[in-house]
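Take a look at the model below.

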Amino acid sequence: MERAGSGAGRLSRAVHALRALGSAVLVTALYYVAPLDWGVGVGAVAVLVGALVVFGWLLAWQLGSIARAPYPWLRAMEALAIAVPLFLVLFSAGYFLLAHDVPGSFSEPLTRTASLYFTISVFVTVGFGDIVPTSEAARALTSVQMIVDLIVLAVLGKAVLGAVRMGLRRRSAESGSGPEPGPGPADLP
């Protein structure tokens, strides 16, 4: 097993960090170039629901990869760097479509950046009040995001931590060193 201060361990951390950063940048870039000109309707709702199902599948797959990874904490960082931006851009796209299809749905017109900003402010707080939903549809979508935010934060946190613990136990059993204590710097390569 690599030692925490070894060159291979530093390289492994750097690779994981770069992949995490690259994933977040890629998801965000795809949001900015995606053709979001098809308006809101049954099709848009179906796409959002389908995307959330794909998000759930991706999350389940990521959890399995964390548990099997040689360095579960680093793999968890990568998984979160994919899952959180993907979740945020899904709702950002929904807000963007709604704002353009039903003008007046928000207190101001939403660009892609304003939609992403609004989504993030709802995700990490309950909004700043500078952009607010004003139509019933916008309030409903924002309410759905708030509820799903709570679920995602609770489930994602518990699931990722559980997968990391499972991976650490598996790694410990393979090395024959007995159970490892909770996460800490020694868990990094």
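In this predicted model, Ala-69 touches Arg-75 and Arg-170, leaving aside residues up to four places away in sequence. Ala-69 sits in the loop between α2 (42-68) and α3 (72-101). Its relative accessibility is 7%, so Ala-69 counts as buried. Val-164 lies 95 residues from Ala-69 in sequence, yet their C-alpha atoms are 8.8 Å apart.

Both arginines lead on to salt bridges. Arg-170 pairs with Glu-174, with the closest N and O atoms 2.9 Å apart. These two residues share helix α5, four residues apart, about one turn of the helix. Arg-170 is partly exposed at 23% relative accessibility, while Glu-174 is exposed at 58%.

Arg-75 belongs to a salt-bridge network with Arg-19 and Glu-78. Within it, the side chains of Arg-19 and Glu-78 meet at 2.9 Å, N to O. Arg-19 lies in helix α1 (residues 7-33) and Glu-78 in helix α3, so the pair ties together parts 59 residues apart in sequence. Glu-78 is buried, at 6% relative accessibility. Arg-19 is partly exposed, at 42%.

Helix α5 (residues 136-175) also holds Arg-139 and Glu-136, three residues apart. Their side chains form a salt bridge at 3.7 Å, N to O. The whole structure has four salt bridges.

Now the overall picture. The protein has five helices and zero strands. Buried residues make up 40% of its 189 residues. Of the contacts with a separation of 6 or more, 72% join residues 24 or more positions apart. The accessible surface is about 10,100 Å², and 73% of that belongs to carbon and sulfur atoms.

How values were computed:
Residues are numbered from 1 along each chain as its sequence is written. This is a predicted model: local features need pLDDT of at least 70, side-chain atom pairs count only at pLDDT 80 or more; totals for chains, interfaces and linings use all residues. Side-chain values use heavy atoms; hydrogens and water are left out. Buried means under 20% relative accessible area, exposed over 50%, partly exposed in between (1.4 Å probe, protein chains only). Contact means heavy atoms within 4.5 Å. Accessible areas come from the Shrake-Rupley method with a 1.4 Å probe; for residues, only the protein chains shown count as cover.
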